[in-house]
Amino acid sequence: MQQKRVLSGMQPSGKLHLGNLIGALKNWVDIQDNYECYYFVADWHALTTGYVNPKVIKENTIDLLMNFISAGLDPNKSTIFIQSMVPQHAELHIILSMITPVGWLERVPTYKEKQQEIQDKDINTYGFLGYPVLQTADIIIYRANYVPVGIDQVPHLEISREIARRFNYLYGEVFPEPEALLTEFPKVLGVDGRKMSKSYDNAIYLSDSPDVVRQKIMTMMTDPARKRRTDKGNPDICPAYQLHKFFSSDDELKQVSQGCVSAGIGCIDCKKILVNNVVSRLQPIWDKRQELTSKPDLLMDIAYEGSKRAQKAASETMSIMKETMGLI
Ligand code: TRP
Ligand code: SF4
């Protein structure tokens with residue numbers, strides 16, 4: 001039986017942090033054996049907000065690709081590529097833009113939110129409004145069944161389903177309606193207890209050195225009730241414990257949480273366990289990064305091979321689509 005198709009992408013908007021790893025990448029890595037997977041760097045999407053400085057996008061694209069591979073995406077299992085190297089996405093985007101009502105786009109919650117949030121750039125553009133149309137093209141050009149995304153992307157996926165449905169209704173059944181594959185892990189918290197995010201400056205990055213990781217975790221916020229070593233704590237409200245849940249074993253979790261509620265363990269010792277586990281989890285990623293940094297050609301070869309494979313799948317869909325529409 002043919003495997004179902006999965007597609008997902010990430011914008012190259014700078015360094016990746018533990019939240020990206022836990023919330024998305026790990027999931028992408030884990031499902032590689034179960035689906036036919038397409039993973040890509042959405043460099044055109046980064047232009048919607050970063051068009052003033054495309055050079056930065058280029059650098060971040062290479063860096064994101066490096067993170068993909070070092071975190072365990074395997075070019076022998078998955079098709080890993082760069083959006084701008086598969087121009088068929090743009091072609092499908094044009095067609096979809098003809099059938100997508102402007103009202104649908106204006107109603108996407110992230111549209112208004114982002115416009116209010118981003119004050120330092122002019123994003124009152126045609127391209128920014130059309131962000132979800134391009135995203136839809138990314139997905140349905142592979143006739144993908146599932147899209148592993150975080151909960152914040154659900155409104156975008158909803159509009160992708162609507163656009164696919166509208167195409168199928170107008171011209172004939174070509175595109176499956178893509179479904180979200182949600183990650184179960186809750187939002188990862190940063191060192192200050194807020195959601196881990198680049199914009200809050202509270203993130204632990206995959207590119208941080210072991211010393212920086214140690215220092216960030218050792219000064220990370222804990223249950224504020226534990227001012228002294230003898231104060232009892234509640235791990236459920238401690239951001240450090242939330243990281244423990246991801247990086248530590250069941251036995252360690254039991255030991256730490258029992259120690260926390262009974263004041264049997266101090267925050268320093270508790271965090272030392274966490275540091276060790278985070279560092280040993282990241283070590284293979286750091287090693288792989290190191291290896292890739294010394295072989296820049298390898299990365300470009302992967303992008304080139306992956307994009308070629310993606311182009312083949314994309315152009316098959318484009319032919320079917322054009323025939324169904326009666327364009328050829
Ligand atoms: N919008 C996604 C992000 O902000 C990136 C993205 C672009 C994407 N195209 C996609 C995600 C298609 C999933 C499927 O990171
Ligand atoms: Fe958090 Fe650990 Fe301190 Fe408890 S002991 S408050 S879980 S750091």
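Which element gives the largest share of the lining of the second largest pocket? The largest share, 4 residues, comes from H7.

## Basis of the model

This is a predicted model, in which local features need pLDDT of at least 70 and side-chain atom pairs count only at pLDDT 80 or more, while totals for chains, interfaces and linings use all residues. Residues are numbered from 1 along each chain as its sequence is written, and side-chain values use heavy atoms, with hydrogens and water left out.

## The second largest pocket

The second largest pocket holds about 390 Å³ of space. A pocket is an open set of points on a 1 Å grid over the protein atoms alone where a 1.4 Å probe fits, with protein on both sides within 12 Å along at least five of seven lines; lining residues have an atom within 4 Å of a point. The volume is the space filled by probe spheres set on the points, which are joined across faces, edges and corners.

There are 19 lining residues, and those closest to the centre of this pocket are His-93, Tyr-126, Gly-127, Gly-130 and Tyr-131. Two or more residues each come from helices H2 (43-50), H4 (88-99), H5 (102-107), H7 (126-129) and H8 (131-140). Helices (H or I, at least four residues) and strands (E, at least two) are DSSP runs, numbered from the N terminus. By class, the lining has 12 nonpolar, 7 polar and no charged residues. Here Ala, Val, Leu, Ile, Met, Phe, Trp, Tyr, Cys and Pro count as nonpolar, Asp, Glu, Lys and Arg as charged, and the others, Gly among them, as polar.

## Aromatic pairs

Rings of Phe, Tyr and Trp (its six-membered ring) pair if their centres lie within 6.5 Å; planes under 30 degrees apart count as stacked, over 60 as edge-to-face and the rest as tilted. The count comes to 10 aromatic pairs. In one of them, the ring centres of Tyr-35 and Tyr-146 are 5.7 Å apart and the planes stand at 65°, so the pair is edge-to-face. Tyr-35 lies in the loop between helix H1 (18-30) and strand E2 (36-41), and Tyr-146 in strand E4 (residues 146-149), 111 residues apart. Both Tyr-35 and Tyr-146 are buried (under 20% relative accessible area, with a 1.4 Å probe and protein chains only; exposed is over 50% and partly exposed in between).

Phe-40 and Phe-81 have ring centres 5.3 Å apart and planes at 15°, so this pair is stacked. Phe-40 is in strand E2 and Phe-81 in strand E3 (residues 79-82), 41 residues apart. Phe-40 counts as buried at 3% relative accessibility, and Phe-81 counts as buried at 0%. Tyr-38, Phe-40, Phe-81 and Tyr-142 form one aromatic cluster.

Key: Chains lettered and ligands numbered in written order.
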